[in-house]
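Q: I am new to this structure. Please show me how to read its features.

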Amino acid sequence: MVRMGAYMGIYTDNLQYFDSVPKQWVEPGYGGERVRKGNIYPQKSVVTREEWKQLRDYILKNAPEQTTGPSGMPSIQRDGIPGFAVHTIQPNPELQPLVTAVAIDPINRTWYAAFIQQTILQLNREGKIQKKTNAWQGPVQIVPRKSGITVVDIGSMGGSDNPQGKMVTANSLGKLDPAPPKNTFDSLQRPVFVQHGDLDGDGDEDVVLCEFGYHFGELAWHERLDDGSFRRHTLHNDDGALCARIHDFDQDGRLDVMAQFANADERLVLYLNQGEKQFKQHLVARFSPTFGGTYFELTDWDKDGTMDVLLANGDNGDYPPILKSSHGIRLFRNKGKLRFEEEFHIGMNGTYGLRARDFDGDGDLDIAAVSFYPDYKSRPEESFVYYRNEGGNRFSAFTFPESFTARWMVMDAGDLDGDGDEDLVLGAFNVKSADASDATYEDWMKRNIPLVWLENLSQRP
């Protein structure tokens with residue numbers, strides 16, 4: 001309630017009122033100055049204190065005493081995942097188990113793991129270090145490419161309006177730092193996701209960047225010019241851009257952009273390419289402010305030749321985290337003419353990421369998902385779940401005993417060992433929060449397992 005009031009120009013700590021926003025509520029330096037100039041905390045309140053009291057009392061009176069997680073959650077078999085072997089990985093015991101990104105490079109049979117404010121490692125399939133690079137703050141996305149590697153560094157994992165994020169592309173991990181200026185985007189507003197694609201149809205790759213921000217952010221595409229530099233084109237000039245995908249949705253021969261937004265105005269939006277570097281906005285779906293969107297993939301779930309949307313929502317960074325009935329995995333089926341309808345919802349507390357692949361090789365798509373905010377009291381097995389597709393939008397759910405040894409936050413899928421099937425890698429971000437007990441956290445830290453490789457054996461004789 002304190003934060004809600006502040007955005008309306010009512011400054012109170014529930015004990016007393018202040019005539020202006022307290023200095024300690026605004027970060028120092030340039031970021032705080034941006035907030036002041038942007039009038040994020042209004043100098044003149046938009047409601048009176050009496051109106052604020054009425055609104056506050058109404059919300060508190062009608063708020064539920066207790067919240068619940070999603071209904072109809074499938075039971076999870078905890079003794080192993082059919083067709084997978086589990087390999088726990090600790091490449092360097094001195095590293096804290098705070099992994100912010102993992103990525104499989106199937107071409108080179110290698111994978112990457114980023115540790116916040118520590119290092120980025122290139123690993124072989126057994127988890128032995130091949131290369132590393134340091135001096136990173138918060139690498140949150142790693143994109144292996146034919147010509148090298150791209151890393152997105154959020155700059156500040158906590159809320160900040162100081163634009164200190166960056167995106168860097170280089171020929172190899174060892175050349176990431178320092179990188180040539182033309183391959184570096186800096187002074188970004190907490191960037192979290194990048195996609196490459198030829199949006200202007202000139203034969204080279206442009207860049208779509210999601211700058212999630214804090215109070216200030218942006219979704220933009222960056223046009224690659226002939227000299228290798230980039231020109232920014234803003235698609236949405238506000239915070240909350242979380243994930244973006246490039247695809248020709250209206251089948252007019254031009255690549256469009258679908259973006260997922262969080263940070264209160266939760267939604268999926270299509271930016272339709274009109275040619276001549278112009279885009280038209282089309283709202284696909286809008287959700288409640290507490291939806292907690294985290295990630296989405298495009299996939300032809302029903303094999304009708306059009307791309308559907310598989311979406312995860314489970315961000316639960318509340319004070320403290322509370323269960324929410326809306327959390328889980330949703331399929332939005334492409335019905336044509338830019339219409340997407342929700343076809344199913346798999347309830348899963350705290351869903352943070354997913355991958356849809358035919359893991360068991362039976363011709364349909366299965367789902368692997370991680371939860372950063374599982375229900376630790378009742379369903380700790382939600383930390384990682386493999387949903388095997390049984391047909392008719394029915395799933396059997398599995399996890400593995402070692403899933404309880406860490407707090408998984410990031411994951412990736414790909415053919416790491418070159419045997420023709422899709423493996424999985426998981427990264428742990430073992431932080432203490434009110435939803436996990438002290439004993440649980442202490443066990444994570446004692447075990448010190450930051451990574452897991454789930455080796456897919458389905459193609460083995």
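A: Start with the surface: accessible areas come from the Shrake-Rupley method with a 1.4 Å probe, and for residues only the protein chains shown count as cover. Here the accessible surface of the protein chain is about 20900 Å², and carbon and sulfur atoms hold 46% of that surface. The model is predicted, so local features need pLDDT of at least 70 and side-chain atom pairs pLDDT 80 or more, while totals for chains, interfaces and linings use all residues. Residues are numbered from 1 along each chain as its sequence is written, and side-chain values use heavy atoms, without hydrogens and water.

Q: What share of the 461 residues is buried?

A: Buried means under 20% relative accessible area, exposed over 50%, and partly exposed in between (1.4 Å probe, protein chains only). In this protein chain, 53% of the 461 residues are buried.

Q: How many helices and strands does the protein chain have?

A: Helices (H or I, at least four residues) and strands (E, at least two) are DSSP runs, numbered from the N terminus. The protein chain has 4 helices and 31 strands. Its C-alpha trace spans about 75 × 55 × 50 Å along the principal axes.

Q: How many disulfides are there?

A: A disulfide is a pair of cysteine sulfur atoms within 2.5 Å. The count here is 0 disulfides. For C210, the closest cysteine sulfur is in C243, 6.4 Å away, which is too far for a bond.

Q: Are C210 and C243 buried or exposed?

A: C210 is buried at 0% relative accessibility, and C243 is buried with a relative accessible area of 0%.
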